[in-house]
Amino acid sequence: MSEVAVFLLKAWQKKSYLLLIAVNSIFSCKPPKNYISVIHDPLLYCTTVKRLNDIVLENNFPPVVASRNYVYANVAAYEVIAAGYDSAYQSLAGQLNGLETMPRWEGGEIDYPLASMIAFVIVGNAVTFPEGSMMAYRDQLLKIAADAGMSNLCIVNSTKYADTVSARIISWAKKDHYLQTRSAEKYTVDEEEGRWIPTPPMYAPGMEAHWMDIRPMVLDSSSECKPPPPPAFNLKDTNGVYFKDLMIVKRTVDNLTDSQRHVADFWDDNPFNMIVSGHVMFATKKFSPPGHWMNITGIAAYKSKADFATTVYAYTETSIALFDAFISCWAEKYRSNFIRPETVINKAYDQDWRPYIQTPPFPSYTSGHSVISAAAAEVMTKIYGDNFSYVDTSSIEFGIPARSFTSFRSAALEAGNSRLYGGIHYPFDLTQGNLQGIKVGNMVISRLKMKK
């Protein structure tokens, strides 16, 4: 691996906002012999995804919306790669719901990896806010290409093709019903026993209650991987599933070990954690669950020494699984509308009891972490193989030590268990969520033909 690639990795892991400026300085001192070694380095794509991840974090996008940001940007990048490497990769047109055939490039010299990153940036910019948040990064990428020796004609052509593909992807994205959900009727709390109600400290209304109306990527509908209903809410039946699982939550939180706290903190992934101290309220930020799995995808690409095209492919299929998993999960959350452990424990047993991590503002069943992690793990296992060990350094930037995993599936199971340690989910949320996510992941794998 080149010296520049190693530099990119270290800077990426440290969340350096000056990354590309620093790389430019390196080039100005010692220009490389060939731009291929720079622009085609897969870590540059990882860095590009991380930049979008940072913007998502900075602007407090909810997890479900974050998954939308990642998937459209990655699909745009992948479609450029599929056009440039058509002997190895197949377009997703006709495979993803509503995606039509992409235009080909017929205009002369072009660099497809550069075009793919520019397409990622343009679409990422279009699906996030504030307006223009990714465009300075686009200019930095173009400067890197020029400083690395790419011809002006190649840069211009690569940008033109990126613009063309991006326009198609943005047009397609606008038809996924996202805008309609922005003006949909607000969620109404159901006061019936066993139903979800807002939780402290924010007592926020149900988040993204209409996400099941978003067009999936590969699922036929939001209910295709529908799990069984949760157990009946019953505090009187002390031998019933519900009561036993509720008591497991309370006992677990009341007796947390240091190891369990680390797991809960590591997978917390709360993009907007509200802290209340007396009359003072403030929020802390971390990346969201899909952002965490985007980081894991980059870590896997680096360890496996994947080339540029394979790296884009891995990010894209993983982001598709995450997106559809959220749609499937959110459909069940607002279908069953199940109460959170914190609410029941406060009302029936201890009004001062609090979970270890903050309960998010949406129903309990099934666990979002369990569903989306299992779906991502199935796709990544297909790409990189089972028993792929790695060290997840994603949370170091938040002061949380890294964790080691022997496989993506073991990481997915731990992500689910973290919600029990955090005190915000019942065990049945996790078990059924994991199974639901596996189904979604396998649907993605069976229905997409990306690598020829």
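How do the axes of helix H5 (residues 63-84) and H12 cross, and how close do they come? They cross at roughly 40° and come within 7 Å; more on that pair below.

## The model at a glance

What you're looking at is a predicted model, where local features need pLDDT of at least 70, side-chain atom pairs count only at pLDDT 80 or more, and totals for chains, interfaces and linings use all residues. Residues are numbered from 1 along each chain as its sequence is written, and side-chain values use heavy atoms, with hydrogens and water left out.

The protein chain has 17 helices and four strands. These are DSSP runs numbered from the N terminus: helices are H or I with at least four residues, strands are E with at least two. Of its 452 residues, 60% count as buried, where buried means under 20% relative accessible area, exposed over 50%, and partly exposed in between (1.4 Å probe, protein chains only). Take the contacts (heavy atoms within 4.5 Å) with a separation of 6 or more: 80% of them come from residues 24 or more positions apart.

## Two helices against H12

Back to H5 and H12. Axes here are lines fitted to C-alpha atoms, for helices over the stretch in contact, and angles run from 0 to 180 degrees between N-to-C directions. Angles under 35 degrees count as roughly parallel, over 145 as roughly antiparallel, 65 to 115 as roughly perpendicular and the rest as oblique. H5 and H12 are therefore oblique to each other. On the H5 side, Pro 63, Ala 66, Ser 67, Tyr 70 and Asn 74 make the contact, meeting Pro 289, Pro 290, Gly 291 and Met 294 of H12.

Now for helix H4 (residues 42-58), which packs with H12 (residues 289-304) at an angle of about 170°, the axes being 10 Å apart. That makes H4 roughly antiparallel to H12. Leu 43, Cys 46, Val 49, Lys 50 and Asn 53 of H4 meet Gly 291, Met 294, Asn 295, Gly 298 and Tyr 302 of H12.

## The nonpolar cores

A nonpolar core is a set of buried Ala, Val, Leu, Ile, Met, Phe, Trp, Tyr and Cys residues joined through side-chain atoms within 4.5 Å. The largest one has 126 residues, and those with the most contacts inside it are Ile 39, Leu 96, Ile 169, Trp 211, Trp 293, Ile 320 and Tyr 384. Helix H13 (residues 308-336) supplies the largest share, 17 residues. There's also a second, separate core of 16 residues, including Tyr 242, Phe 243, Val 344 and Leu 430.

## Rings meeting rings

A search of the whole structure finds 32 aromatic pairs. Rings of Phe, Tyr and Trp (its six-membered ring) pair if their centres lie within 6.5 Å; planes under 30 degrees apart count as stacked, over 60 as edge-to-face and the rest as tilted. Tyr 45 and Phe 120 are an edge-to-face pair, 5.7 Å centre to centre with 75° between the planes.

Tyr 390 and Phe 405 make a tilted pair, because their centres are 5.6 Å apart and their planes at 35°. Tyr 390 lies in strand S3 (residues 390-392) and Phe 405 in strand S4 (residues 403-405), so the pair ties together parts 15 residues apart in sequence. Tyr 390 is buried at 4% relative accessible area, and Phe 405 counts as buried at 5%.
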